[in-house]
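Here is my note for your first read-through. Please keep the model open beside it.

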Amino acid sequence: MTPAQDPFYIVKDEIQDSIDKVQDTFHQWKQTPENTGEYVHLTKELLTSCESIQWQVDELEKAISVAERDPAYYGLNEGEIGRRRSWTSLARNQVFSVRRNVEAGRQKILVGNSTNPSESIRSKKHISQDNDEFIASESDQQMLLIKRQDEELDALSASVQRIGGVGLTIHDELAGQEKLLGELSLDMETTSNRLDFVQSGNGDEEGQLEGADHDDCVPSDSFHHSFRSGVFDLRYWHELCVILCHVEFRISAIHTKCTQYIRTCL
């Protein structure tokens, strides 16, 4: 197995890259003034990176121990096992050296702060003040968020009430339209019956007049026939006009209701 395919060398290269980055950060840390935000940030970053690299080296050593039990099975020999252990030992020492120096620098800062009580008190006061301001800011943001949520809930409640009112109005309008349609249907049926009655009466009257003996009729009877026929026609047309006016009134009422319903929906 070539080094490019061997998992050990793949992990080794990754760990070595991490160690090189830690070394660069460590040199930057040494040149950074103490008691600054950057110094504190670099200290935390270095300690975290050292812990991570140390864990990776420990895992790599466990894999070497497994391969050491049967080197032939993994295509290794004692010389290769030795070289791998030497590298992990060197890597561990490099990480340990950086971590020891960083922890010593952090301890120095802590000791310096403890030997200067006034500075420590002022620092605690600033920290306390910062904490209070942070808590107050977070509290204000929470109150503002709660207020906005209450306003949104109120608006949603008002919308639901409006929708409910529109629903009730639609229900009432539909019920009114159904009632008007029922009345119109009844009026149309009544109108149809009345028209049938008028037409049948007119037909009977005309039949009676046509069946009379024309030889016994005098001119006055002829005039009487014409007069009665004309009166019956006038009665027929009068009934028809009344019915049509009634139907027009019903249709106008339905149109008005529909217009009001559409305006309500809009």
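The points below go from the whole chain to single residues.

1. **Ground rules.** This is a predicted model, where local features need pLDDT of at least 70, side-chain atom pairs count only at pLDDT 80 or more, and totals for chains, interfaces and linings use all residues. Residues are numbered from 1 along each chain as its sequence is written, and side-chain values use heavy atoms, with hydrogens and water left out.

2. **Overall build.** The chain has 5 helices and 0 strands. Its pattern along the sequence reads α-α-α-α-α. Helices (H or I, at least four residues) and strands (E, at least two) are DSSP runs, numbered from the N terminus.

3. **Cover and surface.** The chain has 266 residues, and 19% of them count as buried. Buried means under 20% relative accessible area, exposed means over 50%, and partly exposed lies in between (1.4 Å probe, protein chains only). The accessible surface of the chain comes to about 19500 Å². Carbon and sulfur atoms hold 57% of that surface. Areas come from the Shrake-Rupley method with a 1.4 Å probe; for residues, only the protein chains shown count as cover.

4. **Contacts along the chain.** Take the contacts between residues at least 6 apart in sequence: 75% of them join residues at least 24 apart. A contact means heavy atoms within 4.5 Å.

5. Look at Ile19, which lies in helix 1. Ile19 is buried because its relative accessible area is 2%. Which residues does Ile19 touch, not counting residues up to four places away in sequence? They are Ile53, Ala91, Gln94 and Val95. Gln94 is 75 residues from Ile19 in sequence, yet their C-alpha atoms are 7.8 Å apart in space.

6. **A charged patch.** Asp13, Glu14, Asp17, Asp20 and Asp24 form a negative surface patch. Patch residues have over 30% relative accessible area and no salt bridge; like charges are joined within 9 Å, and nonpolar side chains (Val, Leu, Ile, Met, Phe, Trp, Tyr) within 5 Å. Asp and Glu count as negative, Lys and Arg as positive; His and the chain ends are not counted. The place of a charge is NZ of Lys, CZ of Arg, CG of Asp or CD of Glu. Glu14 sits in helix 1 (residues 7-31). Glu14 counts as partly exposed because its relative accessibility is 49%.

7. The structure holds 9 salt bridges. Each is a side-chain nitrogen of Lys or Arg within 4 Å of a carboxyl oxygen of Asp or Glu. One of them joins Glu61 and Arg92, with the closest N and O atoms 2.8 Å apart. Glu61 lies in helix 2 and Arg92 in helix 3 (residues 78-114), so the pair ties together parts that are 31 residues apart in sequence. Glu61 is partly exposed, at 21% relative accessible area. Arg92 is partly exposed too, at 27%.

8. **Salt bridges within a helix.** The side chains of Glu59 and Lys62 meet in a salt bridge (3.5 Å, N to O). Both lie in helix 2 (residues 37-69), 3 residues apart, about one turn of the helix. Glu59 is partly exposed, at 32% relative accessibility. Now turn to helix 3, where Glu80 and Arg84 lie 4 residues apart, about one turn of the helix. Their side chains meet in a salt bridge (2.9 Å, N to O). Are Glu80 and Arg84 buried or exposed? Both are buried.
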